[in-house]
Amino acid sequence: MKYEHQIDSLLAEYNQLNQPGFSVGVFQNNEWVYTRGLGLANLDYKVPNSKDTVFRIASTSKQFTAACIFLLERQGKLSLQDRLSNFFPEFPEYAQRIRVHHLLHHTSGLRDYLMLAYLAGKRKEDYYTDFEVMEWLVRQQNLNFEPGSAYAYSNSGYWLLGQIVRKVSGKTLAEFAQEYVFAPLEMTHTHFHDDPTRIVENRATGYTVDEKENFKISMTPLPMVGDGGVFTTITDFKKWIDEYALCTYFDREFWEKMTSVGMLENGQKTNYAGGLEISTYQGLKTVSHGGSFVGYLSHFVLFPKEELALVCFANRNDILPWAINFMLADVFLDGNVNAQAPEKQSGSQKFLPLSSEELSSFAGEYVIQPGIECLIEVDQSGLTVMQNWNESQYIIRPIATNVFVLPEQAEIRFEFSDFREGKASKLTVFQQGKKTECERKQATDFSGLNLEDYVGVYSTKELDVRYNMLIGDKALLCKVGNQECWELIPQADDRFVTQEMQFIFCRKEGLVSSFILEVAGIKNLEFIKE
């Protein structure tokens, strides 16, 4: 293979003995260009990863759910304009304003069920059922925003699409996808994993790793599919990507629907289509998606015009598949990059070689809104950004002394400003015509705060759960179910945050009577003091 030696050199640092790893595949003009498995699929039996190892691909599964919806539309069994209330009349009144296309494009305003499960006291290793998920969603009295007015990624929408497939077809999502998607494309090692007891030949075990490089098995007993749940291989996934160009089973109209992005009520387009993100890399159009759940991560990217596709599936939680894919993409795109997007120079994007000392002026915690923060740390090639609301982590690289971009999405720009004592005080993120202002987090003295005001038990009608606020080691703690206590850090009068959440306490006649809980994927969830 023409690029084999060069790619092997790039991947050499990932080739660790007796550790989990990933499998990668590169295809161009529907032909294999490169494939390799690195690390072990299973540490117990020392089974190596390969292009035929079966991985859970998490949210990369969403495109297959979308495909099933478009096929049902073609069969005349549903319309993208159908209301959520048509399928599930037990939802509150707002379901009359949510259409199927809102679920597809993450513009429904529905609260995220995975976060609801967490707020209900469930841990990642806990078991719950589809029935419980539906019960949680139906009990929600409010949306995060009016349907169609904004974009916010929501697993609830795609889980509900899976339930709609069952309602209108009489088949489970797994059965429908097998009959109309996987079998026709001869994806013989691919399925929606809605039965956690099912034996899967050649399955990779998922692992988490700590700072001392100790590995632990990280799997899930959950049966939910739609928002995730597909098990597949690099070999099978190539057959799906090939179909985009070949149209041997799915015609061009199908793929146009799959890749048509959503539009807000104000006419603004999002970058999210049918379980696919439509964007650019170095001025070239891309179709992509990624996923992360328990000990698995996944990512694929297709460059349609160049007929180049890269896929990376990992079975350890500290690998960044998207970074690997775009690193390899640079090998194949070298000399062919056509940067035409705004704020790009001609030719490939040039990154500045800033020193660690120069980069350190940007490092720190930045507050987007109370409880929603990102931590920026110095990385050898730029800065690492860690988002507290979804545990996402990615690298940004400098194109100017105070301006950074995502290497794979250079239209997303991070601009630092207002330098004080050598440190940036402000961060502005530009994305899809919007800008988000962030302030460097400042230390505040709350030594005079009376924590006794907040002690007590709180409950909500929207989740069957009680929050116990108590004091421990001079800090306000929150105990929920079997989870470890959360420490609440004061930010202002009656406002506390954890690493992920914001608690806004409300008073009546001077006494604390309730709090509003906000976290990524959920807004304005009210708890009343008992």
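I start with a rule: two strands pair if DSSP finds at least two bridges between them. Helices (H or I, at least four residues) and strands (E, at least two) are DSSP runs, numbered from the N terminus. I note that this is a predicted model, in which local features need pLDDT of at least 70, side-chain atom pairs count only at pLDDT 80 or more, and totals for chains, interfaces and linings use all residues. Residues are numbered from 1 along each chain as its sequence is written, and side-chain values use heavy atoms, with hydrogens and water left out.

**Entry 1: the barrel**

I looked up Arg507 and found Val512 of E28 opposite this residue. Strand E27 covers residues 501-508, and strand E28 covers residues 511-519. They pair in the antiparallel sense over 8 bridges. Which strands close into a barrel? I traced 8 strands, in the order E22-E23-E24-E25-E26-E27-E28-E29, with antiparallel pairing. Neighbouring strands of this sheet are turned by 35 degrees against each other on average, direction ignored. For angles, axes are lines fitted to C-alpha atoms, for helices over the stretch in contact, and angles run from 0 to 180 degrees between N-to-C directions.

**Entry 2: the open sheet**

Next I followed an open sheet of 6 strands, ordered E2-E1-E13-E12-E11-E10 and paired antiparallel. Its edge strands are E2 and E10 (277-281), and each pairs on one side only. From one strand to the next, the twist averages 15 degrees.

I then looked at E1 (residues 22-28) and E2 (residues 31-38), which are antiparallel and share 7 bridges. Gly25 has Thr35 in E2 as its bridge partner. Phe27 stands opposite Trp32 in E2. The hairpin has 2 residues between the strands, and Asn29 takes a positive phi near 55 degrees there. Helix H1 (residues 4-11) lies across E1 and E2, at about 30 degrees to E2.

**Entry 3: helices against H7**

I checked H6 (residues 130-139) against H7 (residues 155-169). Their axes come within 12 Å and cross at roughly 120 degrees. That angle makes H6 oblique to H7. The crossing of H6 and H7 is left-handed, meaning that the near helix is turned anticlockwise from the far one by less than a right angle; clockwise would be right-handed.

Which residues make the contact (heavy atoms within 4.5 Å)? I listed Asp130, Val133, Met134 and Leu137 from H6, and Ser156, Trp159, Leu160 and Gln163 from H7. By class, the contact of H6 with H7 has 5 nonpolar, 2 polar and 1 charged residues. Ala, Val, Leu, Ile, Met, Phe, Trp, Tyr, Cys and Pro count as nonpolar, Asp, Glu, Lys and Arg as charged, and the others, Gly among them, as polar.

H2 (residues 62-74) also meets H7: the axes come within 10 Å and cross at roughly 40 degrees. That makes H2 oblique to H7. The crossing of H2 and H7 is left-handed. From H2, the contact includes Lys62, Thr65 and Leu72; from H7, it includes Asn155, Tyr158 and Ser169. I sorted the residues of the contact of H2 with H7 into 9 nonpolar, 4 polar and 1 charged.

**Entry 4: another set of strands**

I found E14 (residues 364-369) pairing antiparallel with E21 (residues 434-440) over 2 bridges. Tyr366 stands opposite Arg440 in E21. E20 (residues 423-431) is joined to E21 by 6 bridges, also antiparallel. Here Leu427 has Cys438 of E21 as its bridge partner.

**Entry 5: the record**

An unreviewed entry lists residues 9-318 as "domain: Beta-lactamase-related". UniProt positions are given in the numbering used here, feature names are shortened, and annotations may be inferred rather than shown by experiment. In the model, residues 9-318 are 28% helix and 20% strand, and their end C-alpha atoms lie 20 Å apart.

Notes:
Angles under 35 degrees count as roughly parallel, over 145 as roughly antiparallel, 65 to 115 as roughly perpendicular and the rest as oblique. Contact means heavy atoms within 4.5 Å.
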